[in-house]
Amino acid sequence: MSFVHAEIGMKRGLFGLLLACIAAFPGAAADLPPLTHGLTPVAEPKPAPALRLADLDGKPHDLADLRGKLVVVNFWATWCPPCRREMPSLEHLNQRLQARGLKALAVDVGEDADTVFSFTGQLEPAPTFPLLLDRDSQTMQRWKVKGLPTTFVIDPQGRVIYRAVGGREFDHDAVVGQLLPYLPGR
Amino acid sequence: MNYRLLATPFFRRSGPCPRSSAGNSRTQSAPTKLGRAVFFALAALPGFQAVAAQTQHRDPDTGAVNWETHAHGVTLSLTQILPDQARAFYLNRGFPPRAAERYATACVYMTVLRNDAAPGELSFRLADWTVQSEGQARPPKSVDEWAAQWRALGLAEAARIAFRWAQFPPEQEYAVGEWNQGMLTTGLPPGGRFDLIARWTVAGKPYEGKLENVVCAR
């Protein structure tokens, strides 16, 4: 996280908290659907679509550069309730398995860096993986995402092996158990 | 604008907004867990009706009402999004007041469809669903229909993108455990009453679930 964004975050922290509370998806207080404890295997794994996006600091990231790692690509937005609920568990998963070759990428749809930073600064734990910006939603459409959140798991050969439509507890043992066989650093 | 309605949903359950929204990934109310456990236990019994009774409850703070049913291993839920809530959400996404007002008063619901235990991957199209009201039947108002209005009003691309992805998907497929949560409009006036028939297929076989006597928020 750059110094510039850290400074912006400090100045806007309280404002961001207020904004997030007012601007979040309405109806979030209703009984929350449970987060799911599993990923859906893709019957016939195919090469992942291209994913080349910049993060909050403007640094470019290319999925093709991550060949050899097990990559979790999560499409989300700050106003999406299940996206907000599952984000800490994605960070837990990342912390647990990154030394063994897992890499998480979160792709925010349609929002700017300040909005995303203001929100993620309030998360516990805050994400340490790259937060990429898909401002025009073209990447999301290329991946044929139909609703948020949607997550894909890309194996070290660059193939989509799992998908997850709707919120997940990514650090649940059942999910971790599905990922372990594909980690390059088993 | 009723600011109490805007604030209470996010503070009522567990304190500050970010914690209540993002830090509760492990929270599932005991009644909900128990209810699902009972449902699945009953579903395993021979002769159990594939369609369970419809439930309804009102949020004591906001007054928003939720209707939910379980049919053929699928949960269908509608929760009223009050006009103030919808207005605030879209004003914060860059909608001009006129456009936000048009959407906020179009009978909006936070909609959840979830494949809990269907016999396989389900697929649906919102165009196949039916809103029945006062002897008339029509599909929910489509995302494309709204999008055309926003283009005509000259809404900024960022606002239109936020709108698109905040809506319940026009079509989708869910394996067991998959689900979405999004906004759905009937286009009925405030206070209007209707039945919603949701339709989906599993391996080409049609199924449906119905919510009856649902009421549009005022």
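**View 1. Chain B as a whole, with seven helices and eleven strands.** In this predicted model, 54% of the 218 residues of chain B count as buried. The chain exposes about 9800 Å², of which carbon and sulfur atoms supply 53%. Where contacts of chain B link residues at least 6 apart in sequence, 66% of them join residues that are at least 24 apart.

View 2. Although B:Q136 and B:F194 are 58 residues apart along the chain, their C-alpha atoms are separated by 9.6 Å.

**View 3. The open sheet of chain A, formed by six strands in the order 1-8-7-4-5-6.** The pairing within this sheet is mixed, and its edges are strand 1 (40-47) and strand 6 (131-134) of chain A, each of which pairs on one side only. From one strand to the next, the twist averages 25°.

**View 4. The pairing of strand 4 with strand 7 in chain A.** Strand 4 (residues 70-76) and strand 7 (residues 150-154) of chain A run in the antiparallel sense and pair over five bridges; A:V73 stands opposite A:F152, which belongs to strand 7 of chain A.

**View 5. Helix 3 of chain A lying across strands of chain A.** Helix 3, made up of residues 113-120, lies across strand 4, strand 5 (102-109) and strand 6 of chain A, and runs at about 145° to strand 6 of chain A.

Key
Residues are numbered from 1 along each chain as its sequence is written. Chains are lettered from A and ligands numbered from 1 in the order in which they are written. This is a predicted model: local features need pLDDT of at least 70, side-chain atom pairs count only at pLDDT 80 or more; totals for chains, interfaces and linings use all residues. Side-chain values use heavy atoms; hydrogens and water are left out. Helices (H or I, at least four residues) and strands (E, at least two) are DSSP runs, numbered from the N terminus. Buried means under 20% relative accessible area, exposed over 50%, partly exposed in between (1.4 Å probe, protein chains only). Contact means heavy atoms within 4.5 Å. Accessible areas come from the Shrake-Rupley method with a 1.4 Å probe; for residues, only the protein chains shown count as cover. Two strands pair if DSSP finds at least two bridges between them. Axes are lines fitted to C-alpha atoms, for helices over the stretch in contact, and angles run from 0 to 180 degrees between N-to-C directions.
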